[in-house]
Amino acid sequence: MQMQRDLDISMVLSTFFLRNIGLWITDYPTEERRMKIMILYTIWNSVFATIVITRDLYFTVLYKGDILYVITNILTVTMGLIKICIIMKHKEEFIKLIMYVQQNFWNVKYDFREKEILDNCKKTCTFFVCSVTIMGTCAILAYLTTPLIANVGKNKSERAFPFNMWLNLPLSVSPYYEMIFTLQTISMYYVSVSYFCFDNVFCILAIHLAGQFRILRYRFAKLCNMERRMKENDMESALTKHAHVFYEKLKSCIRHHQALITFCDRLENVYTMLIFGQVLVFSVLICLFAYQGLLAGAPPARRSIFVFLLVGSMALLFMFTYSCDSVIEHSEKIAIGAYSALWTIMPMNKSGKMLRNDLIMVIERSRRVCCLTANKFFPVSLETYTTILSTAVSYFTLLRNRVEDEIVN
């Protein structure tokens, strides 16, 4: 038995980004004030980016520019703003969820097998969080390098920005160009962090919730195990003596099960609207990313932006659908763990009968699986992932056919 103190890279990254946007746990008044300033600054940058990209859409439509490119940008930026607004609405509960996981999932004594399960959860979270973060960082860098490459060989009066400003001012002249470029870079950073950071935290919470269900299943399975071998007569007398002890362990497991169900409900309450919004928008986003990255007649630097966004959005979609699917799968398997307990060898005394009856109740309850839903409409699972991808491919095919028909005509 040992305390879990290993470095969790996924949580280190998530903590770093949460601190940057001002949504982290604070113990000191000065730190709390700094967090409030940071969250206001994050919201301001998100609103600024939304205004800039919305004006870009207006002027692009007015001058008949690349409308699909601007729509792709506005959907991405708006999603980041919506996510931070949803999390801000549930800020206290969001922070309490993270604190609960730290206190009750990580800083707990486990045996070797339970620690193995927890380490496996950490590795899964690290893989997902690092993948999504790397793709998001690459997309930011691609957005920044695209105008720099386009500016090579041009006059200072023709220099481009990552996003068009559409102001009748000499913004392309120094030092205004550098100031606006820096401002757009900062806004893009905060929008990007808001876009993927909360999904990373959701992955960590959901994967560890599924891991706790696995640990609970293991505890149910070894509930009535005797620590050493005995003769048949000795075993029978020992079981009679220990029946009450086994029943107390069962009650502890049931309390753990109830706590996990409550935690799942709390996680659902915070993230259900966010999941619903992503399920609705992701099929359109993936379609537009694929079009801009594979078909649109754009420079290679701009196409690279949407290649990273396409890969990143598919990884992010798989991350949160896999997390939800894991919760469904392992919460249902609690029934297998309860049935695997050696209840058949228990004596038919009062404690033995109560243990059997309560195991039946556990099995019945676990058949009603814990799940995370899209605003209560439907549970999210890996089937949702395949459905969204199938819809995105259908949209992409329709868009490609429409563009080809316009070229022919």
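**The whole model.** Begin with the entire protein displayed as a cartoon; the model is a predicted one. Eleven helices and two strands are present, and along the sequence they follow the order β-α-α-α-α-β-α-α-α-α-α-α-α. With the C-alpha trace shown, the protein spans about 95 × 55 × 30 Å along its principal axes. Of the 409 residues, 49% are buried. Among contacts between residues at least 6 apart in sequence, 81% join residues at least 24 apart.

**Helix H4.** Select residues 91-106, which form helix H4. This helix contains 16 residues and reaches 22 Å from its first C-alpha to its last, close to the 22 Å expected at 1.5 Å a residue. Next, display the side chains of Phe94, Ile95, Leu97, Ile98, Val101, Phe105 and Trp106, which are the buried residues of H4.

**Ser46 in helix H2.** Select residues 29-62, helix H2, and locate Ser46 within this helix. Is Ser46 buried or exposed? Its relative accessible area is 1%, and because buried means under 20%, Ser46 counts as buried. Leaving aside neighbours within four places in sequence, the contacts of Ser46 are Leu81, Val191 and Ser194.

**Helix H2 against helix H6.** To view the contact itself, show Met38, Tyr41, Thr42, Trp44, Asn45, Ser46, Phe48 and Ala49 on the H2 side, and Leu183, Ile186, Ser187, Tyr190, Val191 and Ser194 on the H6 side. Coloured by class, this contact comprises nine nonpolar, five polar and no charged residues.

**Helix H5 against helix H8.** Finally, select residues 112-150 as helix H5 and residues 300-332 as helix H8. How do the axes of these helices cross? They come within 8 Å and cross at roughly 160°. Because an angle over 145 degrees counts as roughly antiparallel, H5 is roughly antiparallel to H8. The crossing of H5 and H8 is left-handed. Colouring the residues of this contact by class shows 20 nonpolar, four polar and one charged.

Conventions:
Residues are numbered from 1 along each chain as its sequence is written. This is a predicted model: local features need pLDDT of at least 70, side-chain atom pairs count only at pLDDT 80 or more; totals for chains, interfaces and linings use all residues. Side-chain values use heavy atoms; hydrogens and water are left out. Helices (H or I, at least four residues) and strands (E, at least two) are DSSP runs, numbered from the N terminus. Buried means under 20% relative accessible area, exposed over 50%, partly exposed in between (1.4 Å probe, protein chains only). Contact means heavy atoms within 4.5 Å. Ala, Val, Leu, Ile, Met, Phe, Trp, Tyr, Cys and Pro count as nonpolar, Asp, Glu, Lys and Arg as charged, and the others, Gly among them, as polar. Axes are lines fitted to C-alpha atoms, for helices over the stretch in contact, and angles run from 0 to 180 degrees between N-to-C directions. Angles under 35 degrees count as roughly parallel, over 145 as roughly antiparallel, 65 to 115 as roughly perpendicular and the rest as oblique. A crossing is left-handed if the near helix is turned anticlockwise from the far one by less than a right angle, and right-handed if clockwise. The expected span of a helix is 1.5 Å times one less than its number of residues.
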